[in-house]
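Dear colleague,

My notes on it follow below the entry.

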Amino acid sequence: MARTFIVEADGGSRGNPGPAGYGAVVIDPETGETLAEAAEYIGTATNNVAEYRGLLAGLRAAHALDPEADVRVRMDSKLVVEQMSGRWKIKHPDMRPLAAEARGVFPPSRVTYEWIPREENKHADRLANEAMDAGKAGRQWEPRDSRAGLDAGGPARSAAARAADAAAEAAETESADGPKTPPAGWAPADLGAPTTLVLLRHGETALTPQKRFSGSGGSDPELSEAGHRQAAAVAAALAARGTVQAVVSSPLKRCRQTAETVAARLGLDVRVDEGLRETDFGAWEGLTFAEVQERHPEDLAAWLGSAKAAPTGGESFASVARRVALSRDKLLARYAGRTVLLVTHVTPVKTLVRLALGAPPDSLFRMELSAASLSAVAYYSDGNASVRLLNETAHLR
């Protein structure tokens, strides 16, 4: 029997259009527990665009928890509910692509929409306001800072929120003269075991040795013979270490094949997380760097100069970072204190390492990641992260 989630979402704009943000929460309908929260400051936008962005974030968060679930969406936006239910037409050009994207997260038959009064949507509303407040302060919303669940009077808080409170309490016990946030890798012992994400880049495909752009918008190639050998080698190495307790994979075929090989050796199941997919390289899919330079020189120059620039029809590194960070936070909540293997791609691995180091976006161009290489990041309950491994390939020699 399929699981059922409730998604409550909201968005707001202080000016309409003006500084805008959204909030979304995924709830277990049986226990009332908050399973996931999402919020983001999105810059200048209208109320309706922010509401659609909240809906999309909520659906993606639910999909990351269980892609086979049924979803009941509850929103206080009559417009979004009626349009997504198919009873009203979507005329605004900024909302049509968002609605189409939202319809693509789950099969439409598995999602229902219900209008609720605003007072019943307090949790998502407060998340949206937290995101806008963060934007006003020149930063992005962080899950550990959220009070939305408590302020809304929810019956239960998420594991991520509880971990954040525990970290805050630990920080308050430190000396007033000492640092509130110790340097990464020097966390006090009473924080407990870290959650360790072991990051495995998938094995080779036919495109890998040709150094062609191969993202989530292309042909979704399978592992080559060399890639299957690499997957078997890394599976043997991880089995010998014996530390991996769960396996999570990108939805793309090359990752799922790699993950299945490793999981079979470890006696584990594979969980798929949509947020771990590779960048969509749009018009560049299947091309070499030289071919992109020849055919799309202006796009390439912009892309190399800014994480916010995207290939034509593709996705920016800034956008990838947002969804990867959301998946990271949900995984840390789900697997607290455990060691989890994430089978993913070059950009998500580099992004997780970059975020752990607090490095700038252009650091992505300064890391080398071989096919079937291993990296690892440990995350502590006080919010610190420690990069423990990068691009290990000893198992392939």
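Helix α11 supplies the largest share of the lining of the largest cavity, 3 residues. Helices and strands here are DSSP runs numbered from the N terminus (H or I, at least four residues, for helices; E, at least two, for strands). Both α1 (47–65) and α11 (317–334) give at least two residues to that lining. The residues around the largest cavity are Ala64, Leu65, Arg271, Asp273, Lys330, Leu331 and Arg334. By class, 3 of them are nonpolar, none polar and 4 charged; Ala, Val, Leu, Ile, Met, Phe, Trp, Tyr, Cys and Pro count as nonpolar, Asp, Glu, Lys and Arg as charged, and the others, Gly among them, as polar. The space in the largest cavity is about 70 Å³, and the whole structure has 2 cavities of 30 Å³ or more.

On terms: the search runs on a 1 Å grid over the protein atoms alone, where a cavity is a set of points that a 1.4 Å probe fits but cannot leave, a pocket is an open set with protein on both sides within 12 Å along at least five of seven lines, and lining residues have an atom within 4 Å of a point. Points are joined across faces, edges and corners, and a volume is the space filled by probe spheres set on them.

This is a predicted model, in which local features need pLDDT of at least 70 and side-chain atom pairs count only at pLDDT 80 or more, while totals for chains, interfaces and linings use all residues. Residues are numbered from 1 along each chain as its sequence is written, and side-chain values use heavy atoms, with hydrogens and water left out.

The mean pLDDT (the predictor's confidence in each residue, from 0 to 100) is 87, and 88% of residues reach 70 or more. Confidence is lowest in helix α6 (residues 159–172), with a mean of 40, and highest in strand β9 (residues 339–344), at 97. The pLDDT is below 50 over residues 153–185, a stretch with 36 contacts (heavy atoms within 4.5 Å) beyond near neighbours in sequence. Where pLDDT is low, the predicted coordinates should not be read in detail.

The second largest pocket has a volume of about 920 Å³. It is lined by 29 residues, of which Arg201, Lys211, Arg212, Val346 and Lys350 are the closest to its centre. Helix α12 (residues 346–357) provides the largest share of this lining, 3 residues. The lining of the second largest pocket comprises 13 nonpolar, 8 polar and 8 charged residues.

Lys211 also has a positive phi of about 55 degrees, although it is not a glycine. Lys211 sits in the loop between β6 (195–201) and α7.

One more backbone point: Asn16 and Pro17 are joined by a cis peptide bond, with omega about 5 degrees. Pro17 is in the loop between β1 (4–13) and β2 (18–27).

Regards
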